[in-house]
Amino acid sequence: MNRYPLWKYLIVVGSVLLGLLYTLPNFYGESPAVQISPARTADKADTLLLARVEDTLRENNVPVNGIFLEAVGIKVRFEDTDTQLKAKDILQSALGNKYVVALNLLSDSPQWLTDISALPMYLGLDLRGGVHFLLQVDMKGALSKSLDRYSADIRGSLREEKIRYKGLGREGSQIIVKFRNAELRTKASDEIKKNYDDLNLREQDIEDEFHLVVTLKKEALKRMKDSAVQQNITTLRNRVNELGVAEPIIQQAGADRVVVQLPGVQDTAKAKDILGRTATLELRMVDEEHDVSSALRGQGNFDSELYTERGGGPLLVKKQVMLTGDRINDAQPGFDNNNQPAVHINLDSNGSRIFKQLTRDNVGKRMAILLIEKNQKEVITAPVIREEIPGGRVQITGNMTTVEARDIALLLRAGALAAPMDIIEERTVGPSLGAENIDRGFNSTLFGFAAIAIFMTIYYLIFGFISVTALGVNLLLLIGLLSILQATLTLPGMAAIALTIGMAIDANVLINERIRDELRNGVTPQAAINVGYERAFGTILDANITTLIAGIALFAFGSGPVKGFAVVLCLGILTSMFSAVMVSRAIVNQLYGRRRKLEHVPIGQVWRPTSDKR
Amino acid sequence: MEFFRFKHDIPFMSWGKYTTTISLATFIVAVFFLITKGLNLGVDFTGGTVMEVGYTQSADLNRVRGTLAKIGMSDASVQNFGTSSDVLIRLPAKPEVSSAQLSEIVMSALRQDDNTVEMRRVEFVGPQVGEELVENGALALLVVSLGIIAYLAFRFEWKFGVAAIIANLHDVVIILGFFAFFQWEFSLTVLAAVLAILGYSVNESVVVFDRIRENFRKMRKASVAQVIDNAITRTMSRTIITHGCTQMAVCSMLFFGGEALHYFALALTIGILFGIYSAVLVASPIVMLLGVSREDLVKIEKKEKEAEALP
């Protein structure tokens, strides 16, 4: 009765082998590497780039331990960190900023393992060190930005059609256009309706003014929000590329949140600064019709705002935005003809056209270049337009240092955020703590396992040893499964491994106690083993399902580290059911199942009450 | 070796009066501390900033406090964390400072004072995230409870489900009571431990209930109390050994897991100890109190018999 059909043995042996195979990569260490990937997602790393990287390294006599072309980019493995750092600098200067050159760690597991996608477990930030940010997109900011854009467009349309209006401005979530009479308003309303599908129009008369209230349609609002998050993600990706991070994770979390994970980043201040900044440019005309001094006394006018030029005096700037930073293709720090730090900007084709027309129409007038950072607007420079500028090349000089020029260029190049973002959660773990956490988690599991193994073997003898073997298989399968799934392993996840070990033994204790129980009641050894396993299974199932319910709920409602705990807990329960019941039974059957006359079950002393039987 | 040698069934059910009193008393004490002292909620739930910094030598806490006071953060709490060279700094949420930059300001001030200082960990949680985590935590607790009741009601009978969940929520409240009394930090990981314990100690009740069901079938003439007593006595050995083993793993975490897993392991320890107690001396009396009878399990019994008939 204690025999398994061949297929069951095959399943057990097969799963153990599979577990071994996929656990294997975790035993190889990691070596320093450099990862080269194209800065733009559209570009792909190819053999051409591979050859270039190889040549560059050879020319500079940098010893290489291996070079691989993968989907994400090219990875080069080095002997030590010194060579790694040297290679990074060489590659970065040789390849320029079209490519991201990032430091990385590469598993030392042999290629054939990588080919069957046997990879080491994916370690969470608390184990490898790095930064985790949760950013909240400020939708109000996104809305006002988009309304500002509409204001500018409506203003342009009305001017083009020569429809006169008294005033135009944004108030909260609506734009209000004021007219002198109703006919003008109707004309304007028709014109706006014709050109802008996304806008709702409502007429409103206040005293003797005729207002047209413009709001965004519901579906347009939703589209705007979605695209704001998407654009921010794209922008963040560009900025992270500038930071040079090997395996960044940037993804949407919920309706208006973005998760950014940067493994291995040490300079968190820089990371935060670059991520959090919302720098963009605005090009506007200087208002030369109105008097600055009267504006300084508080007598402003509706069309312009008062600013102070960097390193200069106050000046009035028209509200109408001619060109924004969205049109920037590239921005590089450099120097102007007088050897002053400057930022060279390259506009896209649309931007070039607008800029060309703008400069042609306004020769002799001043334009203002505003840098907007964290809702602070500053006029960097307000040069006089001397001639029409074709080709979309703009050079910004002003009172700036080379460092400032470099930062501005970086921020402009990385693109503008569609809406401001706030960091609402941050978890940073230094690399030394990460390594310590791995040790701690590992030791917890190791010593827990050892203690249980010793106890079980003493208490249940051979059957205890079989239980421990099953427990070992459980650990193997769990780690193998985690490696296959590439689930993120966190410190709470490692705690869950240790806890699973402690809980998994429950099944074997149940079985062993049942067998003892049956023996105590005078059942023959073979029957006792059989009944013990059969009876215990129902209980094991019930007991594990309740824990599984807890694990699933934790996974559903938990965040970050708790999710890591839940994943390991759930997987651990599944593997433990398999190993405790099937694997240990297979071993028992192999050892004892064939013996016709099994006199004694080596499961430790079975004590029988001597006096009065129940 | 055999630890447990019971000649007779232990009359657990006749102790019902005392055990219920004890449970009720500990429960009330736990609730009392929860109300008067409250939980020392970690930064995960309250929002704010926690920083762990490491020095090469023993850290001078007063000097760290002084440095912080200089940059206007005298309300920061500074304490050792694990070893004498590691310092944990807690900064309350400040609406006027961009909280994301707070840690940078502190770090640069500390670095100016002593450049050997090393940033080990920063956790910043915005207030709205904290609120959500509290909400999700409560929701998870609710879902786990309902899920377990539903499963036990399906597998056994609703009385068992209710009894098990009361017994285990009693454990949860006691764990929380300990955390309130000692003002241990209640973090997200501790919450995970509490929920894991909820699932785990239900195991215990399940094992006992399983035996009760079996005994109802076997011991036709015995009274309900006798049936339950026998079930508990006969699973006693397994109960102690299993929990002992789990506790070994948890102890290993407590000793080798470092400060990060300390409270996690502590919560598990309390949960395991009270889990044994409540499964034996709380869940079963409640089942009796709810008036479980042989007839309750008759329907299930038939199905079981069919299953048994198979080899």
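View 1. The structure is a predicted model, in which local features need pLDDT of at least 70 and side-chain atom pairs count only at pLDDT 80 or more, whereas totals for chains, interfaces and linings use all residues. Residues are numbered from 1 along each chain as its sequence is written, while chains are lettered from A and ligands numbered from 1 in the order in which they are written. Helices (H or I, at least four residues) and strands (E, at least two) are DSSP runs, numbered from the N terminus. Helix 14 of chain A covers residues 491-520 and has 30 residues. From its first C-alpha to its last, helix 14 of chain A reaches 44 Å, close to the 44 Å expected at 1.5 Å a residue; the expected span is 1.5 Å times one less than the number of residues. A residue is termed buried if 20 or more other C-beta atoms lie within 10 Å of its own, exposed if 12 or fewer, and partly exposed in between, with C-beta atoms placed from the backbone. Helix 14 of chain A is largely enclosed by the rest of the structure, because 29 of its 30 residues are buried.

View 2. Ala553(A) is buried, since 24 other C-beta atoms lie within 10 Å.

**View 3. Three strands of chain A form an open, antiparallel sheet in the order 16-17-20.** The edge strands are strand 16 (328-335) and strand 20 (393-397) of chain A, each of which pairs on one side only. On average, neighbouring strands of this sheet are turned by 20 degrees against each other, direction ignored; axes are lines fitted to C-alpha atoms, for helices over the stretch in contact, and angles run from 0 to 180 degrees between N-to-C directions. Two strands count as paired if DSSP finds at least two bridges between them. Strand 16 and strand 17 of chain A pair in the antiparallel sense over 7 bridges, and the bridge partner of Pro333(A) in strand 17 is Val343(A). The hairpin of these two strands has 5 residues between the strands, and Asn339(A) in this hairpin takes a positive phi near 65 degrees. Strand 17 of chain A (residues 341-347) is joined to strand 20 of chain A by 5 bridges, again antiparallel. There, Ala342(A) stands opposite Thr397(A) of strand 20.

**View 4. Strands 9 and 10 of chain A form a hairpin with 2 residues between them.** Glu207(A), in the turn, has a positive phi of about 50 degrees. Strand 9 (residues 199-206) runs antiparallel to strand 10 (residues 209-216), the two being joined by 8 bridges. Asp205(A) stands opposite Phe210(A) in strand 10 of chain A. Strand 9 of chain A is hardly covered, with 0 buried residues among its 8.

**View 5. Leu461(A) and Gln183(B) have a positive phi although neither is a glycine.** Leu461(A) has a phi of about 50 degrees and is found in helix 13 (residues 431-485) of chain A. It counts as partly exposed because it has 17 C-beta neighbours inside 10 Å. Gln183(B) has a phi of about 55 degrees and is found in the loop between helix 6 (158-182) and strand 6 (185-186) of chain B. Gln183(B) is exposed, because 12 other C-beta atoms lie within 10 Å.

**View 6. Phe154(B) is found in helix 5 (residues 127-155) of chain B.** Phe154(B) counts as exposed, as it has 11 C-beta neighbours inside 10 Å. Phe154(B) and Gly54(B) are 100 residues apart in sequence and 53 Å apart in space, C-alpha to C-alpha.
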